[in-house]
Structure formats: structure tokens, C-alpha cells
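Dear colleague,

I am handing over the structure we spoke about, and I would be glad if you could look through it alongside the notes that follow.

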Amino acid sequence: MGAAVARRAALAAQGLDAPARGSTPDRGALKRLVRRLGLLQLDSVNVAVRAHYAPPFARLGPYDRDALDALAWPLTGADRRRRAFVEFWAHEASLLPVEDWPLLRWRMRDNAARTSRWLGNALDNRPDVLDAVHDAIAAHGPLEAREVEQVLGDGGERRARAHGGWWHRSDVKVACEHLFATGVLTTGTRRGFRRAYAVTEDVLPADVLARDPDRGEAMRELTRKAAVALGVATEPDLRDHYRLPPAESRAAVAELVDAGELTPVEVKGWDAPAYRAAGARVPRKVTGRALLAPFDPLVWFRPRTERIFDFTYRIGIYTPAEQRTHGYYVFPFLLDGQLVGRVDLKTDRAAGVLRVPGAFAEPECVERGADEDHVAIEMAGALWEMAAWLGVDDVVVEGGPLAPALSRALAYPEAG
């Protein structure tokens with residue numbers, strides 16, 4: 001298989017072979033997309049737009065973010081039927097389809113046994129805190145951690161003493177996270193992106209709670225879902241999607257190959273064996289443009305991004321300012337199947353402006369058939385679309401080698 005064929009298969013699997021535009025996507029489109037991708041990563045950074053909102057925008061165009069919120073965090077806990085997504089540790093903190101929650105019970109058990117990186121042993125000697133927090137949330141939830149402390153009253157204040165660690169979180173906060181990581185609690189709703197915890201049995205449907213696949217079955221199913229989301233992938237690519245243990249990931253891949261659900265392929269230029277998902281499409285041509293957030297599943301596994309697109313990408317938020325090459329919160333720019341540029345973005349909500357601290361075209365973009373003016377015109381169109389979706393009125397370019405061409409293109413929005 002040629003590298004270009006593998007790239008087109010990967011883009012098609014991600015729904016980026018011809019990003020949809022037209023009527024406003026409805027809840028059905030959002031549910032289908034998340035099932036296709038497997039999950040949306042959550043992150044607290046809100047420089048441009050929160051991480052979980054951006055991948056649907058890249059694929060579906062402008063949509064109602066409130067519709068996504070309603071599918072993930074219904075305002076009333078009683079209406080379980082409207083909840084399509086649930087939070088758990090999957091790739092990282094993630095939204096995933098409700099029906100997939102049982103596939104991660106093995107991780108909850110690992111967390112309870114302290115054999116996972118997702119949870120430490122901070123409260124091993126404090127079962128009283130765990131019991132008190134659970135009972136408070138069962139009686140009064142959904143509750144934020146600070147609200148649990150209030151419910152517990154004086155006892156809560158004693159338990160809320162500073163707890164060691166980077167954030168110096170209270171024991172109540174640590175208890176909430178412990179119970180979440182072991183599946184006892186989940187997110188009932190969010191308020192200003194603050195998690196309000198609820199007892200899992202009060203949130204998820206009974207048929208979902210009743211499912212308890214064995215560990216091997218769960219590993220195979222998660223690997224199969226990763227393969228569908230990626231199209232063509234190496235075993236480490238598949239493993240990274242849900243952060244599976246290496247030995248079990250390798251075993252699951254071998255079993256899926258034996259079952260005919262994965263086909264081994266050699267991809268020219270790749271230095272590791274690859275696997276093609278059963279039914280993976282390979283479009284003859286890839287068109288369209290998309291701004292990809294740092295936590296977009298197309299680019300979140302940096303070795304895969306470099307291998308498929310010859311595009312070296314590191315997120316700036318974890319890098320000291322003097323070492324950043326392109327900015328703080330940088331979106332790779334996808335155009336007709338290639339990553340041809342990148343743009344540092346910041347939404348200035350007070351000023352009503354989408355700011356562009358840095359804009360860049362890839363040095364190889366001319367060789368790839370897209371000169372800088374063409375990249376700038378298409379990027380300008382994508383930025384105007386994003387600005388409108390975010391509810392701001394202007395796009396202001398502040399720096400970067402592509403800034404002059406991008407500023408000219410933004411002056412004529414109809415050109416994009």
C-alpha cells in the first residue's frame with residue numbers, strides 16, 4: 001500500500017475526506033460522529049475553544065455546542081434516554097458513547113487495585129472519606145467537590161485539609177476523583193465546565209450497567225473501535241487510541257487478524273507493520289479544509305501525525321515560551337488531504353475577536369501543490385467560519401511568516 005493511499009484511508013476513517021458543510025448538524029449527526037471517532041478528548045484549556053468542541057466543528061462545520069452539551073450533560077438526571085455520552089478515562093479524560101462505558105470496567109478495576117497510572121493511593125488509609133463523599137453525593141447529587149464539602153459541614157471542613165500534590169487538593173476532591181476513576185461516580189453534569197459528580201447508577205441506563213465484558217473481550221472491542229476510527233494503523237497507533245496496555249494490545253491485534261477484522265498491510269515508508277480495518281474506505285480524492293485542535297484525534301498521537309503527513313507537531317502549552325516554535329495553542333491546517341499550515345489561535349471574548357498570534361505555511365506546501373497565497377485564502381475562509389461559530393466579529397492576525405498573505409485574504413472574506 002502506498003503512503004498516499006494510507007493517508008486517504010486515515011482521513012476517510014476520521015470523516016475528514018470531505019468535511020461536511022451545509023445545514024446545521026443535528027444531534028443525530030453528533031452522535032454518529034462520536035461513535036465513529038470513539039471518543040472526544042476533554043481538556044480544561046479554553047484559549048480558543050474547549051477541546052471536545054473542536055473535532056465536530058472540523059468535520060461537520062458550525063453546529064450548536066449546546067446540542068453537544070445536552071447529549072453529554074443533560075440538565076435533569078432523570079432523563080437518561082437523552083444522554084448519549086459519558087465521561088471516563090479513555091484516551092485521556094474523554095467523552096465516549098454511553099454504550100462503550102462497560103468496555104472500560106477493566107480500567108476501573110485496575111484503578112481500584114492501584115495498578116494503573118490513572119489513580120494513586122492517596123486515600124488508601126481513609127475509607128471514611130470515601131464513604132462520606134459517596135453518601136453525600138448519593139443523597140444530594142449531582143455535586144461539585146466544593147459542594148460535597150459544604151454538605152458534609154464541619155466534618156467536610158476537617159476532611160478538606162490541604163492534600164499533598166501539585167494542586168494541593170482537599171481529601172474530598174481526591175475522594176471524588178478516586179470514586180470517579182473506579183466507576184462508582186460519574187459526571188452528572190457540568191457547570192461552567194466544573195464537574196458535578198453523581199452516583200453512576202443514577203446516570204447510566206440499567207442495560208449498560210448490566211454489561212460486564214471480560215478483559216480480553218473488552219481489549220478486542222476497543223482495538224476494533226480504534227481500527228475503525230483510524231482506517232490504517234500500526235499496533236502502537238491502535239493502542240494509543242484508548243491507552244491500552246502494550247501486551248494486551250498486541251494480543252488483541254493478533255486475535256482480530258485471526259478473526260479477519262484486521263488485515264495486515266505494508267505501507268511504503270512506514271517503519272512498522274500496519275493493519276487495515278475491515279471495511280475501511282479509500283477515497284480516490286480528498287478535498288476540503290479543516291482547522292484541527294491540538295487534541296483532535298487525527299493529530300493527537302504525534303508519531304502517527306509525522307509518519308502520515310511528514311508534519312512534526314508539538315503542542316505549545318506544555319513548552320516554555322522561549323522554546324515554542326509556532327505558538328501556544330496551535331491548530332494544524334488540513335487542506336485537500338495535506339497538512340499545509342498551522343495557526344496559533346486565541347479567542348478574545350471580551351473584545352469579540354479571534355486573534356491569530358502566529359500563522360505559518362509549511363515549507364513544503366508549494367511542492368504539495370498549494371502555494372502560500374492559496375493556503376492563506378483557504379485558511380482565511382476557515383478562520384472566518386470559526387469566528388462566526390464562536391460568536392466573535394473579527395479575525396486579527398498578529399504575527400508569523402504567513403501574516404501578510406493571511407491579512408490580505410481576510411480582508412476579502414468572500415475569497416475563502
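Is Glu235 buried or exposed? Please bear in mind that the model is predicted; in it, Glu235 has a relative accessible area of 9%, and because this lies under the 20% cut-off, the residue counts as buried. Glu235 takes part in a salt bridge with Arg239, in which the closest N and O atoms are 2.7 Å apart, and these two residues both belong to helix H11, where a spacing of 4 residues corresponds to about one turn of the helix.

A second pair is formed by Arg243 and Glu92, whose closest N and O atoms lie 2.4 Å apart in a salt bridge. This pair connects distant parts of the chain, 151 residues apart, since Arg243 sits in the loop between helix H11 (235-242) and helix H12 (246-258), while Glu92 sits in the loop between strand S2 (85-89) and strand S3 (93-97). Arg243 is partly exposed, at a relative accessible area of 25%, and Glu92 is likewise partly exposed, at 23%.

Asp348 and Arg355 also meet through their side chains in a salt bridge, at 2.9 Å from N to O. Here Asp348 is buried, with a relative accessible area of 18%, whereas Arg355 is partly exposed, with a value of 23%.

In total, the count comes to 28 salt bridges.

Key: Residues are numbered from 1 along each chain as its sequence is written. This is a predicted model: local features need pLDDT of at least 70, side-chain atom pairs count only at pLDDT 80 or more; totals for chains, interfaces and linings use all residues. Side-chain values use heavy atoms; hydrogens and water are left out. A salt bridge is a side-chain nitrogen of Lys or Arg within 4 Å of a carboxyl oxygen of Asp or Glu. Buried means under 20% relative accessible area, exposed over 50%, partly exposed in between (1.4 Å probe, protein chains only).
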